[in-house]
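Dear colleague,

Please find below the structure I am handing over to you. My findings follow directly after it.

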Amino acid sequence: MSIKKIAERAEVGICTVSRYLNTPERVAEKTARRIRQAMDELGFELSPNRPGPKSGNRVGIRTGKIVIAIVGPTPPQEVTKRPIFAKFFNLMQFNLHCRQLSHSVVHIEPGKEFPEGINRNTCDGVILFGDPADPAEFARLEEHLAGLPAVYTITGAHREQHNFDLVCCNNGRVGILAAEYLYCRGHRQAVAFTHDLENADYLERIATFNNRAIELGMRVEQITIRAEHRFESERRRFRRLAEWYNVPELTYATGLFFPADWHLLGCCLEFARRGIDLDRLDMIGCDSDPDIRRYFEPYPASIDLRYDVLGQETVAQLLRRINGDKSPERREIFLDPLLVPKEYEYEH
């Protein structure tokens with residue numbers, strides 16, 4: 001299939017499609033999304049023998065291989081099983097493929113030997129994401145990866161504990177956007193739900209939501225899973241959150257914030273089992289996950305963390321380092337999240 005058909009379907013020029021395939025970070029976000037959608041609809045797949053970008057973009061490439069390393073005790077199959085992470089993972093792989101780069105996925109477990117293949121003889125650079133749990137693990141990572149270009153992505157929760165380049169969402173903005181959204185819709189009481197006490201990004205979203213809501217003069221109640229329940233199944237934890245919300249002192253507050261869309265879905269299933277009218281609730285989640293939101297009609301508000309752009313920027317920053325950027329100062333790129341209002345607001 002020629003890129004001419006993709007250009008026609010996406011309503012852009014052929015040169016724009018070519019630029020996207022070689023250097024996607026140079027294409028506007030909305031245009032890039034149209035091109036990706038056109039490629040999906042047409043079933044377009046890149047040929048592994050496609051000519052790569054001009055040599056100027058690959059001056060530091062030696063092996064043509066990038067390692068994607070999932071850091072922490074959680075195995076890769078658990079990390080990537082959630083749809084939104086699978087989406088990010090696929091987009092990052094696509095961006096590597098566009099540049100004629102192969103990749104492998106490894107798991108770096110705290111305190112254990114590093115997997116084979118993470119050295120200058122076998123790869124050109126490393127993309128890191130995950131939560132190592134133990135802060136001391138960052139020092140071990142930096143020592144092992146010394147001299148090898150590396151970028152940490154997705155989360156900035158531990159940025160004070162390492163010196164890797166960082167490409168992530170401006171996570172603190174999530175709670176602020178959610179609080180301002182509910183306030184502008186007339187809510188003066190709100191409830192924030194915390195399902196996971198171990199996830200630093202979720203906790204930061206809740207904290208910034210609470211702070212901004214209080215600044216706006218809102219009253220905020222927080223329903224948090226207790227420490228003694230943190231090892232229970234996810235369904236049981238959602239059940240507890242729903243039980244704690246379903247009392248007269250709290251159900252009067254219909255503006256609800258969840259730090260992830262799948263938390264919102266889990267709680268809604270339990271709300272429905274208790275006879276709580278979902279139509280009277282004004283909810284906002286995070287991730288703008290289409291695989292979660294399709295269960296709602298109309299779908300609730302959410303915050304888009306822009307994982308598609310995150311994948312592009314992560315690969316682009318790694319290539320800057322591979323191609324000769326020797327600046328001793330680490331580079332931090334924070335992408336501002338975007339508000340996605342309730343569905344019916346697009347219809348009126």
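Contact here means heavy atoms within 4.5 Å. Please bear in mind that this is a predicted model.

On that basis, and leaving aside neighbours within four places in sequence, phenylalanine 257 is in contact with Val174, Gly175, Ala178, Val191, Ala192, Phe193, Arg205, Ile206, Phe209, Ile284 and Gly285. Phe257 is also among the residues with the most contacts inside the largest nonpolar core, together with Met92, Phe129, Phe209 and Ile284. That core has 44 residues, and its largest share, seven residues, comes from helix H13 (residues 307-322). Another core, of 24 residues, lies apart from it and includes Val191, Phe238, Ala242 and Ala253.

As to the strands, E6 (residues 189-194) pairs with E7 (residues 219-224) in the parallel sense, over six bridges. Within this pairing, phenylalanine 193 stands opposite isoleucine 223 of E7. The two strands and helix H8 (residues 200-215) form a right-handed β-α-β unit.

Glutamate 221 belongs to strand E7. Beyond its neighbours within four places in sequence, glutamate 221 is in contact with Ala190, Val191, Ala192, Leu250 and Tyr252. The C-alpha atoms of glutamate 221 and asparagine 210 are separated by 8.7 Å, the two residues being eleven apart along the chain.

With kind regards

Conventions:
Residues are numbered from 1 along each chain as its sequence is written. This is a predicted model: local features need pLDDT of at least 70, side-chain atom pairs count only at pLDDT 80 or more; totals for chains, interfaces and linings use all residues. Side-chain values use heavy atoms; hydrogens and water are left out. Two strands pair if DSSP finds at least two bridges between them. Helices (H or I, at least four residues) and strands (E, at least two) are DSSP runs, numbered from the N terminus. A crossover is right-handed if, with the strands pointing away from the viewer, the path from the first strand over the helix to the second runs clockwise. A nonpolar core is a set of buried Ala, Val, Leu, Ile, Met, Phe, Trp, Tyr and Cys residues joined through side-chain atoms within 4.5 Å. Buried means under 20% relative accessible area, exposed over 50%, partly exposed in between (1.4 Å probe, protein chains only).
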